[in-house]
Amino acid sequence: MELPRLVVGAILVDRLDRPSRVLAARRTAPPALAGRWELPGGKVEPGERPEDALHRELAEELGVEVRLGAELLPDDGGTWPLTPGLVLRAWWCELTTGEPQAGVAHDALCWTTAADVADLAWLDPDRPLVARIAAALAAR
Ligand code: 9L3
Ligand code: MG
């Protein structure tokens with residue numbers, strides 16, 4: 001049994017210390033996922049540190065640099081399930097350089113608040129994270 005492949009995702013907020021908005025990104029591919037919203041990110045390459053992979057993915061997908069904050073951990077302290085062969089880890093982060101631009105991976109970006117973040121058609125496995133994010137945005 002192979003270890004699941006790691007995917008990293010960004011909880012990109014307007015500011016780490018008092019977040020009120022989080023960035024949602026609408027996928028273009030594959031067809032089964034196109035049109036659904038996600039926390040931007042992607043697969044960690046072999047030998048790559050997860051945090052480095054997240055910086056790389058955000059540069060590639062959105063054209064930005066970020067400062068990483070805390071990891072959003074599930075209640076069991078492990079990873080968030082995606083599909084049988086994939087698990088997700090996600091970090092809070094804020095912009096340090098650039099404004100996010102939709103590139104090839106996404107066809108729309110949206111800054112959402114506690115009031116509307118849950119209304120988007122999120123990827124199913126991102127939904128438990130979105131619930132936690134919405135609570136944090138509401139509690140600021
Ligand atoms: N995935 C799910 N939620 C996310 C991300 C960034 C990715 N927040 C899933 C979608 C793909 C797989 O992980 O099946 C790899 O993502 P990518 O490399 O295609 O972005
Ligand atoms: Mg990606």
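**View 1. Composition of the shell around ligand 1 in the predicted model.** In this predicted model, the residues of the shell around ligand 1 divide into six nonpolar, two polar and four charged. The shell consists of Val7, Arg27, Leu33, Glu38, Leu39, Gly41, Gly42, Lys43, Leu82, Leu86, Leu123 and Asp126. Strand β4, which spans residues 41-43, contributes the largest share of this shell, namely three residues.

**View 2. Polar atoms beside ligand 1.** A nitrogen atom of ligand 1, in turn, has a polar side-chain atom of Asp126 at 2.7 Å. Ligand 1 would expose 440 Å² if taken alone, and the protein buries 83% of that area.

**View 3. The largest pocket and its lining.** The space that ligand 1 takes is the largest pocket, for which the computed volume is about 470 Å³. The lining of this pocket is made up of 24 residues, and those that lie nearest its centre are Val7, Arg27, Leu33, Glu38 and Leu123. By class, the lining residues of the largest pocket divide into twelve nonpolar, six polar and six charged. At least two lining residues are supplied by each of the elements β1 (5-13), β4, α1 (50-62) and β7 (86-97).

**View 4. The peptide bond between Ala29 and Pro30.** Most peptide bonds are trans. The bond that joins Ala29 and Pro30, however, is a cis peptide bond, with omega at about -10°. Pro30 has its place in the loop between β2 (22-27) and β3 (37-38). Leu33, one of the residues around ligand 1, is also among the residues that lie nearest the centre of the largest pocket.

Note on methods
Residues numbered from 1 in each chain as written. Chains lettered and ligands numbered in written order. Predicted model: local features only at pLDDT ≥ 70, side-chain atom pairs only at ≥ 80, totals over all residues. Heavy atoms only, no water. Near = heavy atom within 4 Å. Polar contact = N/O pair within 3.5 Å; in protein donor to acceptor, adjacent residues only side chain to side chain. Areas by Shrake-Rupley, 256 points an atom, 1.4 Å probe, with all protein chains shown as cover. 1 Å grid on protein atoms, 1.4 Å probe; cavity = no way out; pocket = protein on both sides within 12 Å on 5 of 7 lines; lining within 4 Å. Sits in = over half its atoms within 2 Å of the grid points. Helix = DSSP H or I, 4+ residues; strand = E, 2+ residues; numbered from the N terminus. Nonpolar A, V, L, I, M, F, W, Y, C, P; charged D, E, K, R; others polar. Points joined across faces, edges and corners; volume = space filled by probe spheres on them.
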